[in-house]
Amino acid sequence: MALRRIFILLLLCWSSLVVADERLAAGNQALLNQIEVIHLADASSEFDHYRQQLAAALPLPPEKLYPIAEAAAKFWQRQGIPTGNFSSELKDPFAAVIASEPHVPDYLMLSNRVRYLLWLAGHESWSPLAVEGWLRLGDSHRAIPEIRARLQALGDYPQGDTSEQYFDETLKEALIKFQTRHGLKPDAIIGPATLGWLNRTPRARAQLLAFNFIDRAKYLAGIGERYLLINIPAYEMWLVDDNRVALKSKVIVGKPYRPTPIISGEIKNLVLNPSWRVPRRLLTHDLLPKVREDGSYISSRNFEVFNYQGERVIKSDDEWRDIAKGKFPYRLVQKPGVGNTLGRYKFFFPNEYSVYLHDTSDKALFQRSDRALSSGCIRVEKVEQLANWMASNLVRDKQTWVRMQIERDKTQWFAFDAGLPIHLVYWTSWLDGDNVAQFRDDIYKKNQNISLSLQAAK
């Protein structure tokens, strides 16, 4: 019996050692995954050194593992991103590593995706593909097998043989899926834009995901429970109420040479049937060239002209055409009504850039995949739904709101009981609700030095 007890005790000790070794190995792997995410966005020598240590063949012992986990926890805390309650006093190295990770819902899936992309970068060649012209359904080309292979590696093409050079329906469906999650026109045509994203290396993708994850997690950590958020390169608006999405809409943002600013503010009122006072820059560069061609542009577009003393000025179409050829000492105001550039609604929030949200008379533009088309302000596709939500939840004078719904030519301002926080952000990559990696074009060229941007924010 004594020998049996000794055997059982030895077996239990051995099992405990095996479990401890497994926990230590799992802690090393989880910490390596975490350090990889950090290092992609912050290529400092400190985290590069940690990455090399953890990538070695043997697991690091606890006395070397814990300081790295503590450095990772401090990194997230410097970014304002919540973590677990890391402590070097924790006896379980795996639990200590998990406690150092960011407490963000999509962190684990993001970490796994980054890990896969880095594996892909180390095992697959990703030389730039060159295709002359455009490839469509029914075409044949020597680059198509490699295109299939890349789509398969990125999860857009089904598993199976990729050697076929003929552009078939399977490739078409995979391309539509690929184009959709890259914000491209889903036409299944391989042109310069689609080819550019096919040439984006797995490591570059991993870096975009890591940097944008940190930027997004940092921002959302202190954003509140009710807000309006517009992701500029995604051309998308989210209305969040009580931490739930109440409305999602396409938007149009500023052109690359007239960018929408990255700012936060508070929407404090809503304007029904707004007039449009044309900014001087738009008047000079956009409207006056049209007036020089056709003096009736002013009257046909329902503009009124005022001098700088606020007095209305009336002239013939020919006179306006001639005046527009020289210095134009007037300002233009478009009256409310059908055809007004701002449409039926305007949402104002104080800011130094004079940008705001509004309706538009040109609804067809929302069907475009590239919607950097405005002069800086944001046009909202589901603008009526947004206005009605504000009327129900924020507008003080609801009786006047109801009465004014049949009015189209009279401007009415509506004050709010409480302001609605608004955030204009710039995130070019993220995991969506189905944990699918989404990428968007860097329309304002802000991701060119993403590592430097993060280090500057410390």
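Tutor: The second largest pocket has a volume of about 1,000 Å³. A pocket here is an open set of points on a 1 Å grid over the protein atoms alone, with protein on both sides within 12 Å along at least five of seven lines. Its volume is the space filled by probe spheres set on the points, which are joined across faces, edges and corners. The model is predicted, so local features need pLDDT of at least 70 and side-chain atom pairs count only at pLDDT 80 or more, while totals for chains, interfaces and linings use all residues. Residues are numbered from 1 along each chain as its sequence is written, and side-chain values use heavy atoms, with hydrogens and water left out.

The lining of this second largest pocket consists of 43 residues (those with an atom within 4 Å of a point), and Trp276, Leu282, Thr341, Ser375 and Arg379 lie nearest the centre. Two or more lining residues come from each of strand 5 (276-277), helix 10 (280-293), helix 11 (297-300), strand 9 and strand 11 (372-374). Helices (H or I, at least four residues) and strands (E, at least two) are DSSP runs, numbered from the N terminus. Helix 10 contributes the most, five residues. By type, the lining has 18 nonpolar, 15 polar and 10 charged residues. Nonpolar covers Ala, Val, Leu, Ile, Met, Phe, Trp, Tyr, Cys and Pro; charged covers Asp, Glu, Lys and Arg; the others, Gly among them, are polar.

Strand 9 (residues 345-348) also holds Lys346. Lys346 is buried (under 20% relative accessible area, with over 50% exposed and partly exposed in between, for a 1.4 Å probe and protein chains only) yet has no salt bridge. A salt bridge needs a side-chain nitrogen of Lys or Arg within 4 Å of a carboxyl oxygen of Asp or Glu. Asp359, the nearest side chain of opposite charge, is 13 Å away from Lys346; Lys and Arg count as positive, Asp and Glu as negative, and His and the chain ends are not counted. Beyond its neighbours within four places in sequence, Lys346 contacts (heavy atoms within 4.5 Å) Asn269, Leu270, Val271, Pro274, Tyr356, Leu357 and His358.

Elsewhere the rule gives 16 salt bridges. One of them joins Asp106 and Arg216, whose closest N and O atoms are 3.5 Å apart. This pair links distant parts of the chain, 110 residues apart: Asp106 is in the loop between helix 4 (93-100) and helix 5 (107-123), and Arg216 is in helix 9 (residues 202-220). Asp106 is buried at 15% relative accessibility, whereas Arg216 is partly exposed at 25%.

Glu236 and Lys248 form another salt bridge, at 3.7 Å from N to O. Glu236 in strand 2 (residues 236-241) and Lys248 in strand 3 (residues 244-254) are 12 residues apart, and this pair too links distant parts of the chain. Lys248 is partly exposed, at 38% relative accessibility.

Technical notes:
1 Å grid on protein atoms, 1.4 Å probe; cavity = no way out; pocket = protein on both sides within 12 Å on 5 of 7 lines; lining within 4 Å.
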